[in-house]
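Good morning, and thank you for coming. Please look at the sequence and the structure that I am about to show, and then we shall go through them together.

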Amino acid sequence: MKWISLIPVVAVGALLLFAATDFPEWGDPKSPASQSPVSSHFINNTGVDTEVPNMVTAVLADYRGFDTMFETVVVFIAGIAVLAILKGSGRRRRGPRTTYKVEAEPDLIVTNTVRLVVPVIQLFAFYVLAHGHVSPGGGFQGGVVMGASFILIALAWDLDHALVRMSLPRCIAIAAAGIIIYAGIGFLSMFLGGEFLDYAELERVLPVSREMARYHAMLGVEIGVGFTVTSIMFALYANLSSEGRLKGGL
Amino acid sequence: MFEDGAIINELLIERLNYFIYVVLLLIGLHAMISKRNLIKKLIGMSIFQTSIILFYVSIAVKDEATIPIYKAEHDPHGAASKAAALELNSTDEAKPLYAPAELQPEETQQYANPLPHVLMLTAIVVGVATFGLALALCLRIQQGYGTVEEDELLVKIERSDARYSQSPLAKAINPRRRPARTSRKPRTASKATRVSQKSASSPKSTGATQTKKSAPKTKATQARKKPAPATRKPAVKKSSVRKPANKTTSPKKKGAE
């Protein structure tokens, strides 16, 4: 019976390959995507508008700020939904699960290596977040690296060890704080006379020019994104690895 | 075979990247359609997503272009624009200290297209979050039904629907089941649910379900028979209630033996 599923797959493949011959070649500078006025505007005007050297950051946090804000909200909602689905679900069948419990001390070499590596990872996460304006990086990337450091702690010791440092209520609070920071910057610029997420209006509260106001507001926005992503990544791991019971090893 | 204009040449030499993305996409699509295991379906979805991300990123590539970060001569805070600003300052006092200039069209070609990178940057992180959500749903299904195999799930869902259907439509279709259950239904029903869940999630019974493939055919008769013994003696202890509830699995076990 399984070969029947090959029919739609092959049909889709044939259609896509047929269409692929119309696409531009690899690296063609005349391709429609590269020729579009939107992309050219971003490349030409980012330096003038925002003084941010990294165009990706500028497009992400400024030109497409509204989109990014709701992407962050999607991440937040996914984390909350995982919590809601798994919260207390393992309690009902406590019996059979305990048989798989393994009593083992955390490995000495692993824990000591993690002890050394985790501060470096977290510093690097801050670097990636804060240096996102002039090098590849930003809130999403820094947040994921930061979340990975907490997951590493949970892997090396056990989940309780990591939850002492980042308890689940705190995760939710930090994730919500990230979105509040993001939306707060948006509303602040709105109350200062601009539109929602029109960072240039922040020049009235920041002692800088309009361009640099956008530059610094982007950093604030990225910090908000980093908060949300960090805590949601860790909350996802903590809930999925323990089936929502939030204790024990992997 | 590889001369100019041949379709093989088009696909495998000039547009090899698209060919790879299509193959990846088809692997993901095939896994999503044909695999019975929900986790395998999710892996297929992830492969599918990866092919889309690769496609977008390859759209952004330009020959002889660098990453979309300003080089030193275009950097708004770089040495070049500072020197230019200083020069301007010496002649024109009204100019600001930094004077980043808009890029000219020929300079635009030096940078890759930033827009697809931005779109995929958020898509990756959101993809991870939604993948986590999907895994959580699978975990919950596994806790509730004891399996993530799609065919077994369908059988179990159908069986429990037939047993505990509360919808007025189903009652209107076969009303003869109603009078015996109205008074004592809630308590016994909930107990039976719990017991059957427990028995369903124990490894023994799932093994029996896997080995016995003819179980779906007999489920309709079982479902009609099943609630009667549970309601007949509701006051007895839990251990004896479990026996009649286990009747759903016992014929299968017999078959397995």
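The contact between the two chains draws 57 residues from chain A and 54 residues from chain B. Please bear in mind throughout that this is a predicted model.

Which elements of chain A give two or more residues to the side that touches chain B? They are helices H1 (6-20), H2 (32-35), H3 (37-49), H4 (55-63), H5 (65-86), H8 (139-156) and H11 (210-241) of chain A. Among these, H5(A) supplies the largest share, ten residues.

Let us now turn to a single residue. Glu71(A) is located in helix H5 of chain A. Is Glu71(A) buried or exposed? It is buried, because 23 C-beta neighbours lie inside 10 Å of it, and the cut-off for a buried residue is 20 or more. Apart from neighbours within four places in sequence, Glu71(A) is in contact with Thr122(B) and Val126(B). Within its own chain, Glu71(A) stands 54 residues along from Ala125(A), and 20 Å separates their C-alpha atoms.

Finally, a word on confidence. The mean pLDDT of chain A is 87, and 93% of the residues reach at least 70. Among the elements of chain A, helix H7 (residues 108-130) has the highest mean pLDDT, at 94, whereas helix H6 (residues 94-97) of chain A has the lowest, at 50.

Thank you for your attention.

Technical notes
Residues are numbered from 1 along each chain as its sequence is written. Chains are lettered from A and ligands numbered from 1 in the order in which they are written. This is a predicted model: local features need pLDDT of at least 70, side-chain atom pairs count only at pLDDT 80 or more; totals for chains, interfaces and linings use all residues. pLDDT is the predictor's confidence in each residue, from 0 to 100. Helices (H or I, at least four residues) and strands (E, at least two) are DSSP runs, numbered from the N terminus. Two residues are in contact if their C-beta atoms, placed from the backbone, lie within 7 Å. A residue is buried if 20 or more other C-beta atoms lie within 10 Å of its own, exposed if 12 or fewer, and partly exposed in between; C-beta atoms are placed from the backbone.
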